[in-house]
Amino acid sequence: FPFPYTPYLIQERFMAALYSALEAGRVGIFESPTGTGKSLSLICGALSWLRDFEEKRQREEAQLLALEDRGQEGKKEPTSDEPGRPDSEGGAGEPDWVTAFVQKKEERDMVERLKEEQMRRKKRDDRLEKIRQNVQLKYAAKRKRSEEEETKRLLQLSKEVLSEGIGVDVLEQLDHNEEELILAEYESDEEKKVVSGLEEDGDDLEEEHVTKIYYCSRTHSQLSQFVHEVQKSPFGKDTRLVSLGSRQNLCVNEEVRRLGALQLINDRCMEMQKNKHEKKSDEEMEGKKRRVSRTVCPFYSYEQMQFLRDEVLVEVKDIEQLVALGRETKACPYYGSRYAIPAAQLVVLPYQMLLHEPTRRAAGIKLKDQIVIIDEAHNLIDTITCIHSAEVSGSQLCCAHSQLLQYMERYRKRLKAKNLMYIKQILYLLERFVAMLGGNVNQNPSCQAVSQTGTVLKSINDFLFQSQIDNINLFKVQRYCEKSLISRKLFGFVERYGGPATAVKTNKENQKLAGLQNFLLTLQQGSDKEGDPPMEADNDQLRTASPLMQIEGFLSALTNANQDGRVILNRQGTVGQSSLKFLLLNPAVHFAKVVEECRAVIIAGGTMQPVADFREQLLSCAGVDPERVVEFSCGHVIPPENILPIILCSGPSNQQLEFTYQTRDLPQMMDETGRILCNLCNVVPGGVVCFFPSYEYEKQVYAHWEKTGLLTRLATKKKVFQEPKKANQVEQVLVEYAKCIKRCSQAGGQMTGALLLSVVGGKMSEGINFSDDLGRCVIMVGMPYPNIKSPELQEKMTWLDKTMPRPAGQAPSRVLIENLCMKAVNQSIGRAIRHQKDFASILLLDHRYARPAIFNKLPQWIRERTQVKPAFGAAFAELRKVRTCILCTA
């Protein structure tokens, strides 16, 4: 395998296993700890396979075409006067000559397709090579764009000069602004005779999707990091790579970007495209009264987007470079990058874009016979569940109902019958949803007390029946919302009339709108709670997200199959605080299409243990043959002596460590935890990171230590930091934590570093690297089991017990709880070792970790080096030994 340096043995094994899985068309679960060069192994292994696959395919094509050419030369054409022979019967009762003719025709068609594809491929490669070699082309294209922009600017100026003094234009502009809020005439799919696409003219080089690799990860920063690894790899110069992202990340139109919320950006972009196509029909009506043209996006230029597509395919670019190129070329990176998909060999994209079928379809992603690699996949099941679940509050439902009712009243005379019908259906749905929460849409939700509080779970069918909406076709309503852009129109309407700062006219219609304004204000005031941002901030939040957008997601979720999900009615205090939530129980139903269509799927991560969830909940339920599934797990590149994992069963005063819900609040358990930390801080240099099961427990322990004076003892050796609850404060705490450790290591003295109290599943347990001195010891206090009293979790447990087999007699619900706990533990303890020369100790404070069922769910590279210590003295001696070795090497 080509590699930028001599690979580790485990990297060679990883690449060989990956190559084999891709060649055999398997579904692979690959585990390679952080710091072992997983990204490079994925790149070099997968792209080596792709290179070999393309070469093999081209050889086969060349052989086939050569055979065809030889056949054409030696073929004798039969003449019409040649004596015929009696027809012999084929296997299906047809004469042999008919069967032979059909076969020959199929062969000829295939050869023709191959020739066309080769011609397109050669044309594309020649074009890209020309761009790669001839820099002058770029400057010529830039110059041409500058000239066009200057011409457009002068033309616009002349139009403005001509229109000055004509007072009618001002009135037309005002009318037009409101015109944009009115829904266009709606035709359902069955009524449409002709489907008019939004694509421009068609690509002159339209080609089949070449075999490619779709690589997806969780965040844009992880994707950028991966692209940089590709750039540094031996494949960086020759790979056609395209980075995909949301409009929020790729839009270069500042007017649209300012909208902030993703749904608003999406809707505004779609509307501007629609305007662009409607503009053509407006221009055909030159003889009629001139209309003010609607806003179109200056970056949505087909010619420029094709230029951007070629630039993307010529040189590997990450999202930041793609956006910079879009600004420079005045082309939309969001659509330009999509034009590059068919010809690309490697497509880099976020999870959601691949795992959500409507988004996948809209992006032009075709998975048939392609390769999918899902990296950082430890939370894949949760990710699919979250993408396809949805929640709406009583406040949002009432607010959307009020907005939509006011909208319908204002524009009733301008709306066509079909629009009115659908709006009335949506209003009825909102009314029934609020009724299910025990409220009335015509009253302020914050002032309506709920008589029966609590949480109720219902099947989808029961919910639809009990809310009396089972007679409404939700598929059609969902389609209407999507096609009519009603939530965008409604947002524009509220933005115009609903804001407190808006000057409302005094005519009758606008007096009605003042009611909407006041209602929205009461909603804001009713939702103000202690510690919430001030009134102005609430208003900003209200303006950046339309409640109907959120409700559309809930309606879409209700179209799932009855057995695959549940509706949770959460009635709390007031109707405004109550909510409806759709919970997806079977994520496999949405993953099935991915594994069915793809040639191979690789699910990879630094910590994939325990893998039983992936096999049973995801792959088995998605109908994947167990024979098709392959697992690969490799060790770490660090020497065995660089890591010391210890399961500690009791503390310094022989108190058994068992942090159950019943015992963890006992003063003696909190005291014992403090004594362990005090002893460790005496011998461990640099940073110590201590994970607690929850924010509440961490807060409780901290308060107890303050009261007993234990915190003061800890603070003599390590400065104590606490993980903040607010995401925007995390960076600041980490910077202070790192500064303190660095200062202590340079200054020497009594204080040796810092202690960071963190929370499992919090901001510090994923995505943060505590490498080197930042994490010389990671401590896990107890076992972070999820809250089994949660209605969502209880329903999931019940569903698993009903649908899953019972391996070794253990209930699937019990396995789920253990797996969720150990996934969280594995993610947290994996924060410390981040590269080959790193070293750290790991302490698991609970004797239950030594149980075989739990112990075997630790990552293999940690498990094989773990020591179980019944008493604290033996564990402390091991830690002191490590410290002595560190001091000697230092």
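## Helix packing, sheets and burial

User: In this predicted model, at what angle do the axes of helix 24 and helix 25 cross, and how are the two helices oriented to each other?
Analyst: The axes of helix 24 (residues 588-597) and helix 25 (residues 612-620) come within 8 Å of each other and cross at roughly 80°. Angles of 65 to 115 degrees count as roughly perpendicular. Helix 24 and helix 25 are therefore roughly perpendicular to each other.

User: In what order do the strands of the parallel sheet run, and which strands lie at its edges?
Analyst: Seven strands form an open sheet with parallel pairing, in the order 3-4-2-5-10-1-11. From one strand to the next, the twist averages 15°. The edge strands, each of which pairs on one side only, are strand 3 (241-243) and strand 11 (629-633).

User: How many residues of strand 2 are buried, and which of them point which way?
Analyst: In a regular strand the side chains alternate between the two faces of the sheet. In strand 2, Ile213, Tyr215 and Ser217 point one way, whereas Tyr214 and Cys216 point the other way, and all of these are buried. The number of buried residues in strand 2 is thus five of five.

User: What is the strand order of the antiparallel sheet, and which residue of strand 9 is the bridge partner of Glu391?
Analyst: Four strands form this open sheet in the order 6-9-8-7, with antiparallel pairing, and its edge strands are strand 6 (390-393) and strand 7 (454-459). Strand 6 and strand 9 (residues 574-584) pair in the antiparallel sense over four bridges. In strand 9, the bridge partner of Glu391 is Lys581.

User: Is Ser41 buried or exposed, and which residues is it in contact with, beyond its neighbours within four places in sequence?
Analyst: Ser41 is found in helix 2 (residues 38-74). Buried means under 20% relative accessible area, and Ser41, with a relative accessible area of 1%, is buried. Leaving aside its neighbours within four places in sequence, Ser41 is in contact with Phe3, Gln11, Phe14, Met15, Leu18 and Ala46.

User: For the protein as a whole, what share of the residues is buried, and what share of the contacts joins residues at least 24 apart?
Analyst: The secondary structure comes to 34 helices and 18 strands, and the accessible surface comes to about 43400 Å², of which 51% belongs to carbon and sulfur atoms. Of the 890 residues in the protein, buried residues make up 50%. Among contacts between residues at least 6 apart in sequence, the share that joins residues at least 24 apart is 81%.

How values were computed. Residues are numbered from 1 along each chain as its sequence is written. This is a predicted model: local features need pLDDT of at least 70, side-chain atom pairs count only at pLDDT 80 or more; totals for chains, interfaces and linings use all residues. Side-chain values use heavy atoms; hydrogens and water are left out. Axes are lines fitted to C-alpha atoms, for helices over the stretch in contact, and angles run from 0 to 180 degrees between N-to-C directions. Angles under 35 degrees count as roughly parallel, over 145 as roughly antiparallel, 65 to 115 as roughly perpendicular and the rest as oblique. Buried means under 20% relative accessible area, exposed over 50%, partly exposed in between (1.4 Å probe, protein chains only). Contact means heavy atoms within 4.5 Å. Two strands pair if DSSP finds at least two bridges between them. Accessible areas come from the Shrake-Rupley method with a 1.4 Å probe; for residues, only the protein chains shown count as cover.
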